[in-house]
Amino acid sequence: MKIEKLPSGSYRIRKMYKGQTYTVIFDYKPTQKEAMQAMAAELDKVKGDGKPAHMTFQAAASQYIESKRNVLSPSTIRGYVTIINQLPKNFMACNVHDITAMDVQKFINSISKKCSPKTVRNYHSFISAVLGAFHPNLKLDTTLPQKTKDEPYIPSDEDIRRILSHSRDTQYEIPIILACYGMRRSEICALSPGDIEGDVVHINKALVQDEKKEWVMKTTKTTASTRDVVIPMETADKIRRQGYVYHGSPGRITAFLHSAQDKLGMPRFSLHKLRHYFASKMSALNIPDADIMKMGGWETDHIMKSVYRHSTMDREEDAKRKAAEKLRNSIFI
């Protein structure tokens, strides 16, 4: 029986029985005899609803990831594996059926001292999913750290002009222009000239890192991310002339951007912040939210507004002041 080592450090054996694949995960490398005995015990459960007498959280987490491998993106799987590798050994060694809500709360309390609220919530979300699959009778009511407001820096028009001038005629010019039109880095790096018709870019794939930190091609982040984006014709023509959109590691784009920002004496911001600029600019131009969502590939306006809300807030503040002024004129004049 083949024993496979997983990127998480666990070991897996699989067997096909009556058209169904059965999997057993170990947190150590089993002998052939142990593997055969474990699989035999697993197949015995087909006739009943028995639960394993002992399964560590690590084994349960690895099995949970394997069950989702074909439906989740490589980057999501990579995030899960990262969490497994960073969880404390004593927690990973616990029998998943013995873990209590208080155990989870204690762990959350411990990591809240050194991790951001967002990171803590990501850990808790994964732990909850694993326990929900293997310990369904456990009801969690975990107190999580309060969310912190993220006030991202949105580049100004002047910032954009200076960055584009600095990147002109380099391999980074086109990725930066495309990011200003609402494209994600993963989408930009997956593009080829064949994806462009006239001045329309057909976005239907993304380049992301998998759990082995290898770059792989996948479908777009969501169904809404598959979309068409209109770009300047001169940019589309330049792509066709040079025969590619971008060659190189995605990380080099960010490195170039930060180097340019340092040289130009402006605040550092990532390529993704150009999506902030795009949404903010579209909102300031009074483009309907539904159209901004389609152009940027957002699935809901809640997601879009929760991150790119600054220009909307400015307009609301302006509207409030105008309304207050009208009321003042009615009362005092």
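I began with the pair of helices 8 and 12, and found Ile176, Ala179 and Cys180 of helix 8 meeting Leu274, Arg275 and Phe278 of helix 12, where contact means heavy atoms within 4.5 Å. Sorted by type, the residues of this contact come out as five nonpolar, no polar and one charged; here Ala, Val, Leu, Ile, Met, Phe, Trp, Tyr, Cys and Pro count as nonpolar, Asp, Glu, Lys and Arg as charged, and the others, Gly among them, as polar.

I note that this is a predicted model, in which local features need pLDDT of at least 70 and side-chain atom pairs count only at pLDDT 80 or more, while totals for chains, interfaces and linings use all residues. Residues are numbered from 1 along each chain as its sequence is written, and side-chain values use heavy atoms, with hydrogens and water left out.

I then looked up the axes, which are lines fitted to C-alpha atoms, for helices over the stretch in contact, with angles from 0 to 180 degrees between N-to-C directions. Those of helix 8 and helix 12 come within 7 Å and cross at roughly 45 degrees. That makes helix 8 oblique to helix 12, given that angles under 35 degrees count as roughly parallel, over 145 as roughly antiparallel, 65 to 115 as roughly perpendicular and the rest as oblique.

For burial I used under 20% relative accessible area as buried, over 50% as exposed and partly exposed in between (1.4 Å probe, protein chains only). Eight of the eight residues of helix 8 (residues 173-180) are buried, so the helix is largely enclosed by the rest of the structure. Its cover includes helix 7 (157-167), helix 9 (185-190), helix 10 (233-242), helix 11 (250-264) and helix 12 (273-284). After helix 8 comes Gly182, with a positive phi near 90 degrees.

Next I checked Thr56, which lies in the loop between helix 1 (32-44) and helix 2 (57-68) and counts as buried at 7% relative accessibility. Its side chain makes a polar contact of 2.8 Å with that of Asp27 (a pair of N or O atoms within 3.5 Å; within protein, one must be able to donate a hydrogen and the other to accept it, and residues adjacent in sequence count only if both atoms are side-chain atoms).

Last, I turned to the strands, which pair if DSSP finds at least two bridges between them. Four bridges join strand 6 (residues 206-209) to strand 7 (residues 215-218), and the two run antiparallel. Leu207 has Met217 as its bridge partner in strand 7.
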